[in-house]
Amino acid sequence: MKKTTTCLSISLFLEKFSVLIFVFAIFVLIAAASCKKTVIEKVYESKDSSNINSPEFIITNFGAKGDGKTDCSSIINDLILKMPAAGGTIVIPEGDFLLNNPIVVSRNFITIQGLNPGLRSNVDIGSSGVQQPGGGSKLLLGNTAIGIHVPSQPDVNGRKNRISGLVIKNLLISGGQGTKGTGISIVQDNDGVRIENVIGINLNIGIYAEAADAMIISTCWISECRNSIEMKNGIQNMITNCQLGAQPSGITVNLTNQENFNFTSNHVYPDGDVNLQLNNTRYANISSNNFQSYYVGMIEVNGGHSNLVSSNVCWLRVPGDTARQLRGKLNDYGVIRVSGDNHLISSNSIACNWANPSSNPVTIRSESGSGNRYQNLKINDVSSSRVFYVNETSEIFNCVPYSKVYVDGDVSKVYVKY
């Protein structure tokens with residue numbers, strides 16, 4: 001009997017000891033989690049502004065206020081100037097940060113990053129007391145015509161002083177209640193710029209870039225702007241996986257003097273007069289995009305050579321004001337209009353809802369140039385006798401029968417196979 005009592009006491013002791021170990025383990029886990037949270041909060045909420053050698057600067061730690069009323073441009077510009085030579089990151093927390101002067105980037109390896117771009121459109125419901133659209137990390141143009149600016153820089157030892165490694169991401173740039181200004185303006189020669197997950201709204205121009213080399217604009221929503229993106233004099237650039245839409249009389253994407261450009265997997269919405277305009281561009285790849293427009297001249301290839309326009313979906317829709325579909329042009333202007341040499345327009349699906357189909361409208365206009373080939377185009381409306389209106393030396397394969405082709409010049413110099 002005594003032996004049984006002793007065994008029972010040992011068993012009870014072990015049970016109590018196990019419970020104590022379990023409770024202690026829970027306490028350790030809670031303490032560890034609490035320490036981790038404290039570290040994170042210290043990084044993002046510290047009010048210590050003396051550690052200027054840190055590579056990351058949260059602008060509210062240095063006096064910036066996201067109230068939509070207090071100018072934050074001088075604080076941000078001062079932080080950029082004080083960054084080490086290796087660069088650093090400007091963090092824009094959630095809030096409406098007013099700019100009465102541009103944020104100026106004149107050095108390398110600068111990142112300007114929000115936490116998230118918030119609501120994107122004027123039709124989204126905003127929170128009380130904030131500028132529409134609400135939420136997210138927002139730069140609001142006040143008494144300035146530019147949000148983020150890379151100005152012209154002097155040459156160094158006779159060579160171009162290129163700005164490299166600029167990254168802008170996860171924020172919204174707004175012109176305010178009206179339409180004004182440019183969200184991002186890069187006028188200096190630049191290399192490797194990345195613009196990611198940026199929303200531009202209520203701007204005359206969402207993004208303007210000059211002399212870009214290997215710039216990538218991706219996953220952006222630049223819409224409800226007069227013009228979405230304009231790029232000049234660049235090489236090896238890319239716009240991909242973006243949602244873009246200009247306003248009436250604007251151009252959604254304007255590419256001038258570009259070489260080896262990739263424009264892929266984008267959604268381009270109405271209501272800009274032109275969805276995509278290529279001016280003197282060469283070796284560009286325009287593929288796997290979805291274009292919608294109310295107007296002729298949806299895609300314009302003006303000059304240049306050796307561009308590929310392939311595997312896109314193009315939908316011409318009827319606008320509310322049906323007279324606007326031709327936007328002041330003649331009915332032979334073309335939904336896709338091409339000039340220049342040796343372009344290949346291939347494997348596109350083109351749906352045209354004409355406001356006045358009896359006007360004998362033109363879907364494809366090959367206006368000038370030589371060696372341009374059109375092949376495997378699926379065109380839904382072939383009631384017109386001028387589905388194609390082409391110049392001499394054009395080649396048309398597997399698109400429409402010869403009866404749907406109107407030739408400007410010597411018919412024998414146009415090759416049609418159907």
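**View 1. Ile90 and the residues it touches.** Leaving out residues up to four places away in sequence, Ile90 touches Phe57, Ile59, Ile76, Leu79, Ile80, Met83, Thr111, Ile112 and Gln113; contact here means heavy atoms within 4.5 Å. This is a predicted model, where local features need pLDDT of at least 70 and side-chain atom pairs count only at pLDDT 80 or more, while totals for chains, interfaces and linings use all residues. Residues are numbered from 1 along each chain as its sequence is written, and side-chain values use heavy atoms, with hydrogens and water left out.

**View 2. The largest nonpolar core.** A nonpolar core is a set of buried Ala, Val, Leu, Ile, Met, Phe, Trp, Tyr and Cys residues joined through side-chain atoms within 4.5 Å. Buried means under 20% relative accessible area, with a 1.4 Å probe and protein chains only. This core has 84 residues, and Ile90, Ile217, Met231, Ile239, Phe263 and Phe388 touch the most other members. Helix H2 (residues 73-81) gives the most to this core, four residues; helices are DSSP runs of H or I with at least four residues, strands are runs of E with at least two, and both are numbered from the N terminus.

**View 3. Thr256 in strand S21.** Look for Thr256 within strand S21 (residues 251-259). Thr256 is buried, with a relative accessible area of 17%. Beyond four places in sequence, Thr256 touches Met231, Lys232, Asn233, Asn279 and Thr281.

**View 4. Met298 in a loop.** Met298 lies in the loop between strand S26 (290-293) and strand S27 (299-302). Met298 is buried, at 0% relative accessible area. Val335 is 37 residues from Met298 in sequence, yet their C-alpha atoms are 5.4 Å apart in space.

Notes:
Buried < 20%, exposed > 50% of the residue type's maximum accessible area, 1.4 Å probe, protein only.
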